[in-house]
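Here is a short report for a reader meeting this structure for the first time. Please keep the sequence and the 3D view open while reading.

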Amino acid sequence: MSGTLAKIAESEAEMARTQKNKATAHHLGLLKARLAKLRRELITPKGGGGGGPGEGFDVAKTGDARIGFVGFPSVGKSTLLSNLAGVYSEVAAYEFTTLTTVPGVIRYKGAKIQLLDLPGIIEGAKDGKGRGRQVIAVARTCNLILIVLDVLKPLGHKKIIENELEGFGIRLNSKPPNIGFKKKDKGGINLTATCPQSELDTETVKSILAEYKIHNADVTLRSDATADDLIDVVEGNRVYIPCIYVLNKIDQISIEELDIIYKVPHCVPISAHHRWNFDDLLEKIWDYLKLVRIYTKPKGQLPDYTSPVVLPYCKTTVEDFCMKIHKNLIKDFKYALVWGSSVKHNPQKVGKDHTLEDEDVIQIVKK
């Protein structure tokens, strides 16, 4: 292990020493690629097949979405978790021996949302210390990450936590880079850019790919991309997760300061202790989760508005809906009747490829 850590430190030091300019661009690109490879070695254990990272340590995924909470020990993260779970909880605290605590599942707007404490991510977990590796495996499965910060010292903490998460290949509030990348058997490196590039030129792209022992590939840059963007695409194991910064302890600051915080993107000020502003926080959580609720209507009865079937926003076809209920449902599927904003008239007869929208009502007609 220590060998890898030493190499990481070495590469980081060299990057810090290297001046950033046109002449050093491809050398820096090379160092970044080397670093990405070393970090991957740390978080994916060596040694043969099976199991994958974070073995024997996974929290059963219950509910419709999973939120991971990250924060330094003193920021009031546990108060926030227990107060949220206490007020909105529908199931008493789960006991998972594997992960220190799962505060529970809350019900909000008909969806069941699992709250997870991600302990010990901070400082050094990405260097393979402690139980970090398993916690990361769970963090990567979250639909949303909440970074809990102390309003009195937010920025230092924010940087440290973001760096840790970035180091594990978790990208916050960003979309996958708009880069086409395809390996080939021969023909060298073909670089096409559909817009001007400020950082990547053929030289830099070649040196980054060479670090991965890739000498034949088609690369298409469809936006002004960085070396990091290209490395993310080549690594191919990045996860893109929305993130909300929760600024706690607002009872300790002035109204003027509060006004400023409200303007910061992705931020919600709260007081976990006094339970202030939880409504705002939950509303923002709901926005960022982008869940779609579908109500079911048995034939000849009123729709059931109490327990919607909840789908992630990228999988909302009638077929996805059927699969969520039971995989056999699609075998007997004839057509569906849908009421709501996804159809032109109510009800409308649709097939399995029809895309549903939030709060649609559906009735499945079997063969």
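**Overview**

This is a predicted model. The protein has 367 residues, and 44% of them count as buried. It holds 10 helices and 17 strands. Among contacts with a separation of 6 or more, 67% join residues 24 or more positions apart. The exposed surface comes to about 18700 Å². Carbon and sulfur atoms supply 52% of that area.

**A three-stranded sheet**

Look next at an open sheet of three strands. Their order is β7-β9-β8, and the pairing is mixed. β7 (179-183) and β8 (189-193) stand at the edges. Each has a single partner strand, so one side of each is left without a neighbour in the sheet. From one strand to the next, the twist averages 5 degrees.

β7 pairs with β9 (residues 217-221) in the antiparallel sense, over five bridges.

Helix α7 lies across β7 and β9. The table gives their angles.

| Helix | Residues | Strand used for the angle | Angle |
|---|---|---|---|
| α7 | residues 227-235 | β7 | about 45 degrees |

**A buried glutamate**

Helix α5 spans residues 154-167, and E162 lies in it. Is E162 buried or exposed? Its relative accessibility is 12%. The cut-off for buried is under 20%, so E162 counts as buried. Which residues does E162 contact, leaving aside neighbours within four places in sequence? They are L172 and Y245.

**Helix α9**

Helix α9 covers residues 278-289, which makes 12 residues. From its first C-alpha to its last it reaches 16 Å. That is close to the 16 Å expected at 1.5 Å a residue.

Which residues of α9 are buried? They are F278, L281, L282, I285, W286, Y288 and L289. An α-helix has 3.6 residues a turn, so residues three or four places apart point the same way.

Just after α9 comes K290. K290 takes a positive phi of about 50 degrees.

Key. Residues are numbered from 1 along each chain as its sequence is written. This is a predicted model: local features need pLDDT of at least 70, side-chain atom pairs count only at pLDDT 80 or more; totals for chains, interfaces and linings use all residues. Side-chain values use heavy atoms; hydrogens and water are left out. Helices (H or I, at least four residues) and strands (E, at least two) are DSSP runs, numbered from the N terminus. Buried means under 20% relative accessible area, exposed over 50%, partly exposed in between (1.4 Å probe, protein chains only). Contact means heavy atoms within 4.5 Å. Accessible areas come from the Shrake-Rupley method with a 1.4 Å probe; for residues, only the protein chains shown count as cover. The expected span of a helix is 1.5 Å times one less than its number of residues. Two strands pair if DSSP finds at least two bridges between them. Axes are lines fitted to C-alpha atoms, for helices over the stretch in contact, and angles run from 0 to 180 degrees between N-to-C directions.
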